[in-house]
Amino acid sequence: MWCLTRRGAIDLPMAFGFRKEKDGKNEEKTVKIGFIGAGRMAGAMIDGLIEQHVYDRDEIIACAPTKETRDRMCQHAGISMYEKASEMAPLTDVIVIACKPKNIPPLFTEEGFSVSPGTLLISIAAGVKIDTLSQYAPGAKVVRAMPNHCCMMLEGATGYVMGPGCDDSDKRTVEKIFGASGLCVEVREQDLDAVTGIAGSSPAFIYMMARGLVTAGMKYGLTEEQSLRLVSQSLIGAGCMIQGAGKSLDDLIDGVCSPGGTTIEGCKVLESENFEDTVVKCVDATVARSIEMGKQ
């Protein structure tokens, strides 16, 4: 069986031994990390762990309720898949909850999922607080995290919170997991709503800005492909400048805005349209929704 990955087409059996769906019986705790859910975010994290050689394929497992998803992950990532979290839980001491927030209560109350005391339970489910998870999993060391979907390109931005009982070793594990797919920053739990706004949701806002720039490029004669390439590289370059130039944002803006030049005229329009205020309002709405979800 062949699988098309970012490294090209590989023969699964020859490359690493084709993984199959498991039933969870008579298995020992031999894997390093398990994922509850195998959607886009979990898949991106798994790709990062493998690409960055954090864990081998046989050290990663996941579960998903649909056979289609299990088959897809078996073929794409070459990891062992399970139908239920309760089958997977006894096999690892590190579990990432990557399902929808609404699916977490039935996971514990209906499916019978439980973890051993001392298990590192990492949740990337938006709005579900550490106290809530601790009530469902007494004795677990709970971590909350908010990654963004740029993890899919191993350029993600993740804010994370270490819960009570977590030690330095647990923190190193968390940083190793999220660092495999980008940048990770420790924050307070009350700050995760802000992380949702400026990192978790912000790629969509940036894409909207990019769409406007691409549209403008086409308006003045560039093809869509030309515009996309130039705009995307400009965004990458701007991000690198923010991270590596050692200058403030104001200095970076001034560095592009030559007096009497072209850029400053565009910046005047953005200022007259209250561009930065609109961006803040955009984040305000995102944060408000995140807070609302946390109360549900």
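Guide: A residue is called buried when its relative accessible area is under 20%. The model shown here is a predicted one, and of the 296 residues of the protein, 38% count as buried.

Visitor: What makes up the protein in terms of helices and strands?

Guide: There are 13 helices and 11 strands in the protein. Its C-alpha trace spans about 75 × 45 × 30 Å along the principal axes.

Visitor: Why is Phe108 called buried?

Guide: The relative accessible area of Phe108 is 10%. The cut-off for a buried residue is under 20%, and therefore Phe108 counts as buried.

Visitor: Why is Tyr136 called partly exposed?

Guide: Tyr136 has a relative accessibility of 29%. Buried would require under 20% and exposed over 50%; the value of Tyr136 lies in between, so the residue counts as partly exposed.

Visitor: What makes Phe108 and Tyr136 an aromatic pair, and why is the pair called stacked?

Guide: A pair of aromatic rings is described by the distance of the centres and the angle of the planes. For Phe108 and Tyr136 the centres are 5.0 Å apart, and rings pair if their centres lie within 6.5 Å. The angle between their planes is 10°, and planes under 30 degrees apart count as stacked.

Visitor: Which residues of helix H3 are buried?

Guide: In H3 (residues 67-77), the buried residues are Thr69, Arg70, Met73, Cys74 and Ala77.

Visitor: How do you know on which side of H3 they lie?

Guide: Around the axis they cover an arc of only 135°, which means that they are on the same side of H3. An α-helix has 3.6 residues a turn, so residues three or four places apart point the same way.

Visitor: What does the face of H3 turned away from the buried side carry?

Guide: That face carries the exposed residues Lys67 and Glu68. H3 is followed by Gly78, whose phi is positive, near 70°.

Visitor: How many positive and negative side chains does the protein have?

Guide: The protein has 31 positive and 39 negative side chains, and the centres of the two sets lie 4 Å apart.

Notes:
Residues are numbered from 1 along each chain as its sequence is written. This is a predicted model: local features need pLDDT of at least 70, side-chain atom pairs count only at pLDDT 80 or more; totals for chains, interfaces and linings use all residues. Side-chain values use heavy atoms; hydrogens and water are left out. Helices (H or I, at least four residues) and strands (E, at least two) are DSSP runs, numbered from the N terminus. Buried means under 20% relative accessible area, exposed over 50%, partly exposed in between (1.4 Å probe, protein chains only). Lys and Arg count as positive and Asp and Glu as negative; His and the chain ends are not counted. The place of a charge is taken as NZ of Lys, CZ of Arg, CG of Asp or CD of Glu. The arc is that of the directions from the helix axis to the C-beta atoms. Rings of Phe, Tyr and Trp (its six-membered ring) pair if their centres lie within 6.5 Å; planes under 30 degrees apart count as stacked, over 60 as edge-to-face and the rest as tilted.
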